[in-house]
Amino acid sequence: MRLTRFTDLALRVLMRLAVEDTDLPTTRDVAATMEVPYTHTAKVVARLQHLGLVEARRGRGGGLALTAAGRAAPVGAVVRELEGEGDVVECEGTTPCPLRGACVLRGALRRAQEAFFAALDPLTVNDLVASPTGPLLLGISSRAPTGSGGPGGA
């Protein structure tokens, strides 16, 4: 199974925020650190806010912070939420598969997908930034340019 770019970036944003303990990075800071476009990062941050995992504070001294729920969030639950309930393969699309009514593969792939998510369930966002990942993220963060805190900065 392959995660969407959106989910991949969301997990990296959560990890980046999990190691921040003093300064609140802006969305622009996080985008620069992760070397991804600001617009993609802004969409991810908005979704993470909607899920209650990230808090965005505007204005002077503002920025992004991981919520307590974000720190404790099971990675499997986050991935399930972001990836949605879709099947690994498209059986019902514009050209439905003629085997869809009696296909063993579809059920096996669905079980494999759930096993993938279940393997991530024991991990929390905090677990993802344990050593050696957390210190490496801090090193990357300290090299990234800081944002101005202006419009769209939070």
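Student: What does alanine 112 count as in terms of relative accessibility?

Tutor: Alanine 112 counts as partly exposed, because its relative accessibility is 44%, and partly exposed means between the limits for buried (under 20% relative accessible area) and exposed (over 50%), with a 1.4 Å probe and protein chains only. The model is predicted, so that local features need pLDDT of at least 70 and side-chain atom pairs count only at pLDDT 80 or more, whereas totals for chains, interfaces and linings use all residues. Residues are numbered from 1 along each chain as its sequence is written, and side-chain values use heavy atoms, with hydrogens and water left out.

Alanine 112 belongs to helix H6, which spans residues 104–120; helices (H or I, at least four residues) and strands (E, at least two) are DSSP runs numbered from the N terminus. Between alanine 112 and leucine 9 there are 103 residues of sequence separation and a C-alpha to C-alpha distance of 23 Å.

Helix H6 also carries glutamate 114. The side chain of glutamate 114 meets that of arginine 80 in a salt bridge, at 2.7 Å from N to O; the term denotes a side-chain nitrogen of Lys or Arg within 4 Å of a carboxyl oxygen of Asp or Glu. Distant parts of the chain are linked by this pair, since arginine 80 sits in helix H5 and glutamate 114 in helix H6, 34 residues apart. Glutamate 114 is partly exposed because its relative accessibility is 37%, and arginine 80 is likewise partly exposed, its relative accessible area being 21%.

Arginine 80 has a further partner in aspartate 121, and their side chains form a salt bridge of 2.7 Å, N to O. This pair, too, joins distant parts of the chain: aspartate 121 is in the loop between H6 and helix H7 (125–128), 41 residues from arginine 80 in helix H5. Aspartate 121 has a relative accessible area of 28% and is therefore partly exposed.

The structure holds six salt bridges. One of them pairs glutamate 55 with arginine 57, whose closest N and O atoms are 3.1 Å apart. Glutamate 55 is partly exposed at a relative accessible area of 37%, and arginine 57 is partly exposed with a relative accessibility of 37%.

Valine 88 is partly exposed, with a relative accessible area of 43%. Met1, Val88 and Val89 make a nonpolar surface patch of about 240 Å².

As for the setting, the protein chain comprises eight helices and two strands, in the order α-α-α-β-β-α-α-α-α-α along the sequence. Its C-alpha atoms fill a box of roughly 60 × 35 × 25 Å along the principal axes. Of the 154 residues in the protein chain, 36% are buried. Among contacts (heavy atoms within 4.5 Å) with a separation of 6 or more, 71% involve residues 24 or more positions apart.

Key: Patch = residues over 30% accessible without salt bridge, like charges linked within 9 Å, V, L, I, M, F, W, Y side chains within 5 Å. Areas by Shrake-Rupley, 256 points an atom, 1.4 Å probe, with all protein chains shown as cover.
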